[in-house]
Amino acid sequence: MTITLHWIIAITAILAPTLHLLSDILEWTSGGFSRTQLIINYAGFLPMPFLMIGLYAYQRPRIGLVGLIGSVLYGVAFIYFAHTTMIALEQAISNYEILLGKLEGVYTFHGGLMVVGGTMFGIASLHARVLWQGAVSLFMLGIILNLGVALLPLPDILQILGSSVRNFGLIAMGVSVIRESVVFPESVT
């Protein structure tokens with residue numbers, strides 16, 4: 001993998017989750033969706049499949065098949081989540097609860113794909129020990145928080161908290177890729 005590809009993966013790992021974080025902050029502070037917030041959300045979701053495959057490729061061969069399957073499942077979930085953002089834009093849906101009510105089981109199914117895929121990717125990444133372990137642990141903690149909100153009667157703010165923790169984990173993964181590319185450039189082939 002070239003140094004250029006390392007940088008593309010790293011920058012995507014920093015920018016896409018940062019846009020998603022910004023979108024969540026805008027949603028939380030305004031009490032719902034806005035056109036600007038949804039466009040930012042879409043821009044954050046769109047590169048997620050590439051990002052996950054990129055993070056998988058960066059860790060090859062140590063991450064293994066479980067990591068590949070996890071990254072694909074997580075990416076597929078975000079293809080759907082990007083679609084739901086377009087639905088919210090198209091139909092001028094004002095908040096997450098209304099959107100979830102319209103999409104029901106299909107949204108929940110893809111949320112399950114995100115949790116399963118993220119967990120598989122996280123466990124494989126922890127085992128591979130290529131990315132900074134703290135970043136992977138943050139990502140996994142966010143996944144657990146999102147699962148808890150889905151299964152337990154918890155306040156919706158924890159959904160945003162889970163997404164935020166997950167996004168900070170991805171951002172930290174991007175930083176760790178940059179660090180390795182700058183500090184140990186000879187390891188880049």
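**Pocket, burial and backbone: reasoning from the values**

The largest pocket of this predicted model has a volume of about 810 Å³.

Colleague: Which residues lie nearest the centre of the largest pocket, and how many residues line it?

Modeller: The lining consists of 38 residues. Nearest the centre lie Tyr-96, Tyr-107, Asn-146, Gln-159 and Ser-163.

Colleague: What makes a residue part of the lining of a pocket?

Modeller: A lining residue has an atom within 4 Å of a point of the pocket. By that criterion, α1, α2 (35-45), α4 (64-90), α5 (96-128), α6 (133-151) and α7 (157-183) each contribute at least two residues to the largest pocket.

Colleague: Which helix gives the most to this lining?

Modeller: Helix α5 does, with ten residues.

Colleague: How do the lining residues divide into nonpolar, polar and charged?

Modeller: There are 18 nonpolar, 15 polar and five charged residues in the lining of the largest pocket. Tyr counts as nonpolar, so Tyr-96 and Tyr-107, which are among the residues nearest the centre, belong to the nonpolar group.

Colleague: Why is Thr-12 called buried?

Modeller: Thr-12 has a relative accessible area of 14%. Buried means under 20%, and Thr-12 is therefore classed as buried. Thr-12 is found in helix α1, which spans residues 3-30.

Colleague: Which residues does Thr-12 touch, not counting residues up to four places away in sequence?

Modeller: Thr-12 touches Pro-17, Pro-47, Phe-50 and Leu-51. A contact requires heavy atoms within 4.5 Å.

Colleague: Why is Ala-92 called exposed?

Modeller: The relative accessible area of Ala-92 is 65%. The class begins over 50%, so Ala-92 is exposed. The residue lies in the loop between α4 and α5.

Colleague: What is the phi of Glu-104, and where is Glu-104 found?

Modeller: Phi of Glu-104 is near 45°, again positive in a residue other than glycine. Glu-104, however, is found in helix α5.

Colleague: How do you know whether Glu-104 counts as buried or exposed?

Modeller: Its relative accessibility is 54%. Exposed means over 50%, so Glu-104 counts as exposed.

Colleague: What makes the peptide bond from Arg-60 to Pro-61 cis?

Modeller: The omega of that bond is near 0°, and the bond is cis. Pro-61 is placed in the loop between α3 (48-59) and α4.

Notes
Residues are numbered from 1 along each chain as its sequence is written. This is a predicted model: local features need pLDDT of at least 70, side-chain atom pairs count only at pLDDT 80 or more; totals for chains, interfaces and linings use all residues. Side-chain values use heavy atoms; hydrogens and water are left out. Helices (H or I, at least four residues) and strands (E, at least two) are DSSP runs, numbered from the N terminus. Buried means under 20% relative accessible area, exposed over 50%, partly exposed in between (1.4 Å probe, protein chains only). On a 1 Å grid over the protein atoms alone, a cavity is a set of points where a 1.4 Å probe fits but cannot get out, and a pocket is an open set with protein on both sides within 12 Å along at least five of seven lines; lining residues have an atom within 4 Å of a point. Grid points are joined across faces, edges and corners, and a volume is the space filled by probe spheres set on the points.
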